[in-house]
Amino acid sequence: MSSERTCLVIADIAGYTEYLSGVELDHAQDVLADLITTVVKAFRPRFKLAKLEGDAAFVYASAGDVDGSILMDSVEGAYFAFRQRLISIRQASTCQCRACVQIPSLDLKAVVHHGDVVTQTIADQTELMGTDVIALHRLLKNSVDSTAYALLTDATIEASALDPAALGMTRHVETYEHLGEVGGWVHDLHRAWVAMRERQRVYVGEREAGGVWSAFYAAPPELVWEYISSPVLRARWVVGLDRVDELDPTGRRQVGTVNHCMHGEDVIVQEFVDWRPPRYYTSRATTPDGMTIVATCEVEPVEGGSVLHERVQQPSSQEDREVLAALAPMFDEAHVIERAQLSALLAEAVAELDTEADPALPDFDERHRRTTSVTEGNG
């Protein structure tokens, strides 16, 4: 068996042991199954489920497939989905049992580690083994004074090229028998949740658009998001784009990140003004001749895949409107080529995804509550 460098994550429902005390066990188990399923689905498809461990989900991905920005988007995305699910259950529930009433007391924490892992198939089930797997599980028992956080080890920070201090993380060190000191950084997930909900939306809808281009792709929304947001991947399918130089020193794409999009000798300066992975981003681009273009790229989940919408805001000045109208045929022609190139890349990426079935997610009975979704959060 050969080892592979792997990104390992355990997402654990905090407060579940205390929650079980004095509540109806049948409803409590349904709540747990519901929330764990929500978390696992939020990590897919880049992260694969290794196993469910009581009130925790152990997921993993090849380290080469996860850059720092995708990692942070995935961890925060799982937390946001968890928080949104708590809200939707309580708002839609007609059940007043203690298990349902006390749902808001639950929270989510995660530990992230990079290390060498050996996989072995036992009884048709893939098992991950190695010292780094042991270290990950030991780190779940730590002294972090919070119930809503992600603890990223130094190995994770080094592999992902993130700047934890610039991202507002705090230094943390644990000491374990046989492992010694294990250093890392704590990311406050509750603070990220509040910031995301309070952040002003900048969104170009169809009414505000001076140009709209849409296309269907037979790929999961999260995968399409990677190809439209990653500088490396975007340069592989956008017409005339040689490379993208990402200037954010934190190592993470976010609101305020500036890209230099190199088209030969021309540079288009792009700044993200809204960032809602894996749903949409809005950017403000300045062309070499000084024209400003505001556009929203949105990934819409549909049956069998995703629809990618690219909407350019109608300029306010008559002069810029005329320029955009003159450029429209060129944009139309480029979109046809880009659609074909992106379709081929996504088809290849889908084929390369591990097709081995995940461990089964738990069943749960929702008869005691309705599950109307809410529109809070990242969309």
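Predicted model: local features only at pLDDT ≥ 70, side-chain atom pairs only at ≥ 80, totals over all residues.
This note sets out points on the sheet, a hairpin and selected residues of the structure.

1. Basis of the model. Residues are numbered from 1 along each chain as its sequence is written, and side-chain values use heavy atoms, with hydrogens and water left out.

2. An open sheet of 7 strands, paired antiparallel, has the order 9-15-14-13-12-11-10. Strand 9 (209-217) and strand 10 (243-246) stand at its edges, each with a single partner strand, so one side of each has no neighbour in the sheet. From one strand to the next the twist averages 25 degrees. Helices (H or I, at least four residues) and strands (E, at least two) are DSSP runs, numbered from the N terminus; two strands pair if DSSP finds at least two bridges between them.

3. Strand 9 pairs with strand 15 (residues 305-313) in the antiparallel sense over 8 bridges. Phe 216 stands opposite Val 307 in strand 15. Helix 8 (residues 221-229) lies across strands 9, 12, 13, 14 and 15 and runs at about 160 degrees to strand 14. Axes are lines fitted to C-alpha atoms, for helices over the stretch in contact, with angles from 0 to 180 degrees between N-to-C directions; contact means heavy atoms within 4.5 Å.

4. Val 258. This residue is in strand 11 (residues 258-263). Val 258 is partly exposed, with a relative accessible area of 24% (buried is under 20%, exposed over 50%, partly exposed in between, with a 1.4 Å probe and protein chains only). Val 258 and Glu 271 are 13 residues apart in sequence, and their C-alpha atoms are 4.4 Å apart. Not counting residues up to four places away in sequence, Val 258 touches several residues, including Asp 245, Leu 247 and Val 269.

5. The hairpin. Strand 2 (residues 48-53) and strand 3 (residues 56-62) run antiparallel and are joined by 5 bridges. Leu 49 stands opposite Val 59 in strand 3. The two strands form a hairpin with 2 residues between them, and Gly 54 in the turn has a positive phi of about 65 degrees.

6. Helix 10 and the segment after it. Ile 337 is found in helix 10 (residues 318-352) and counts as partly exposed at 38% relative accessibility. Asp 363, in the segment after helix 10, counts as exposed at 75% relative accessibility. Asp 363 and Val 133 are 230 residues apart in sequence and 27 Å apart in space, C-alpha to C-alpha.
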